[in-house]
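Student: I've got a model open and want to talk through one residue and one ligand site. Can we take them in turn?

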Amino acid sequence: MGHETALWARSPAVVESVNTRHENVVHLPGHPCPPGLRASNDLAAVLNGSELLLLVVPTQYIVDTLGAVAHLLRPHQMLVSCSKGIRLDSLETVAETLEGLVPLDCRGRLAYLSGPSFAAEVAAGQPTAVTIAAKMLVSCSKGIRLDSLETVAETLEGLVPLDCRGRLAYLSGPSFAAEVAAGQPTAVTIAAKDEALAARVQALLSTPRLRCYRSTDVVGVELGGALKNVLAIACGISDGLGFGNNGRAALITRGLYEITKLAVAMGANPLTMAGLAGMGDLVLTCTGDLSRNRTASMGGAVAEGVPTAVAIHQLAVKLGVECPIMEGIHRVIHAGANAQEVVTEVMSRELKPEVAPEIIRGAAAAAARPAAAKSMPQGANGTASGVEAGSTDRGVAVACRMGDGAGGAGEANGARSAAAAAASFLPADASRLLAAATAGAAVAAMAAVAAIRWLGRP
Ligand SMILES: NC(=O)c1ccc[n+]([C@@H]2O[C@H](COP(=O)([O-])OP(=O)(O)OC[C@H]3O[C@@H](n4cnc5c(N)ncnc54)[C@H](O)[C@@H]3O)[C@@H](O)[C@H]2O)c1
Ligand SMILES: O=P(O)(O)OC[C@H](O)CO
């Protein structure tokens, strides 16, 4: 469908027929080939130049066909088998055969297409539906393990076999199960380290009522979902104490600041916290009556935020990130502190700027740089690559910690390099806004949204 496609065929007659007559007169006579199709007898060349490979040979000949060239497969290539059979010599299925043939790091890219699909009808454009099976594991859990302080991703990567790690994805975002089940419009984020996998899961799970976005920021998407639960408990306590909307808005906003500082210190992209898995889920659970975390103080169902509060307390101490609200909740839930007194303590802390001056200075330095001074490496889809984003994020993480009193010259450089990297691939005005966003972490998420709007304006 509009793709440049290379067809490998054993028979020179088929290749000649496709390339000169645009019809496979041997196997599919009467059906003109799509315009972008070229045929070749050179399997290695066809394999080498393809992103998605469809394997359509009789099962008994898969090893003969692919055996000599399987080692040429690269980890970024996807191999979808369309063969339907069981090998006679080994009694292996196609999947078992392929997993034994392809290099270890390609096993995560195997998929299997099957279903009612006569080739002649597909070629004639007749409506056809098939199933594509691939082994993927999508985690929807939102929490941090207490025993190891590991995220769900870290836990699963340690649990599954090495060659399955490339098939793990993580779903998070504002999604009360009851509303999803009722067909209410819902938007979530699917994260996977490999964007192609995230895109596959995204395509599989999206419906007109469930809009899935994708991300490669696994740690950010995960931590957004885990950390918001503790703030939802805080909002429940605030409600219980009789506080109003002002208090809740303050909790959400300053809570997002804390979530972002901690998540960024753990390697997350701060802009993820402005998205569905961060601000989106935080707003939902801090305001929605369906939230078990917000209503946890009234007793009852599963509240992931209760154990997560302990994990956050330990992580915040370990990473040197100041999180007064989440620390206060931890003391109320787990150390018997009086909620009223904790509120007074948190509200009476030393007064400070909303965004730490060190961060603002770093952002200003970045914004002053000429926009075209440096070019940002681009990923396959035109966005900054994950590796680059990760390294700049850590610069912001350091900057965020500085805002709480720690830090030195090296840390300030981290902030500057992060904001500078962001500034380098955006027009000047947008750079300033984005620099403010990276600098101010959560509270400046709004500036990020403004930057995105700025980019989208006519
Ligand atoms: N319910 C929601 O609206 C929702 C939305 C998005 C994400 N999540 C996340 O999904 C995860 C699961 O939440 P849920 O609402 O499905 O929880 P749940 O309480 O409905 O439990 C899910 C399943 O886990 C099983 N289970 C409970 N304790 C267990 C144990 N000790 N060992 C093995 N199995 C056990 C339960 O029997 C049940 O089948 C959480 O991390 C939650 O944050 C929930
Ligand atoms: O009911 P809660 O508080 O566990 O929230 C459920 C989901 O995390 C909402 O996205």
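Student: Which residues does Asn24 touch, leaving out those up to four places away in sequence?

Tutor: Contact here means heavy atoms within 4.5 Å. Skipping residues up to four places away in sequence, Asn24 touches Val14, Ser17, Val18, Pro29 and Cys33. By the way, this is a predicted model, where local features need pLDDT of at least 70, side-chain atom pairs count only at pLDDT 80 or more, and totals for chains, interfaces and linings use all residues. Residues are numbered from 1 along each chain as written, chains are lettered from A and ligands numbered from 1 in written order, and side-chain values use heavy atoms, leaving out hydrogens and water.

Student: Is Asn24 buried or exposed?

Tutor: Asn24 sits in the loop between α1 (12-21) and β2 (37-40). Buried means under 20% relative accessible area, exposed over 50%, and partly exposed in between (1.4 Å probe, protein chains only). Asn24 has 13%, so Asn24 is buried.

Student: On to ligand 2: how far is an N or O atom in the side chain of Asn293 from an oxygen atom of the ligand?

Tutor: Asn293 is among the closest of the 13 residues that surround ligand 2 (a heavy atom within 4 Å). A backbone N or O atom of Arg292 also lies 2.8 Å from a ligand 2 oxygen. For the side chain of Asn293, the distance to an oxygen atom of ligand 2 is 2.8 Å.

Student: How do the residues of that shell divide into nonpolar, polar and charged?

Tutor: Ala, Val, Leu, Ile, Met, Phe, Trp, Tyr, Cys and Pro count as nonpolar, Asp, Glu, Lys and Arg as charged, and the others, Gly among them, as polar. The shell around ligand 2 comes out as 4 nonpolar, 5 polar and 4 charged.

Technical notes:
Polar contact = N/O pair within 3.5 Å; in protein donor to acceptor, adjacent residues only side chain to side chain. Helix = DSSP H or I, 4+ residues; strand = E, 2+ residues; numbered from the N terminus.
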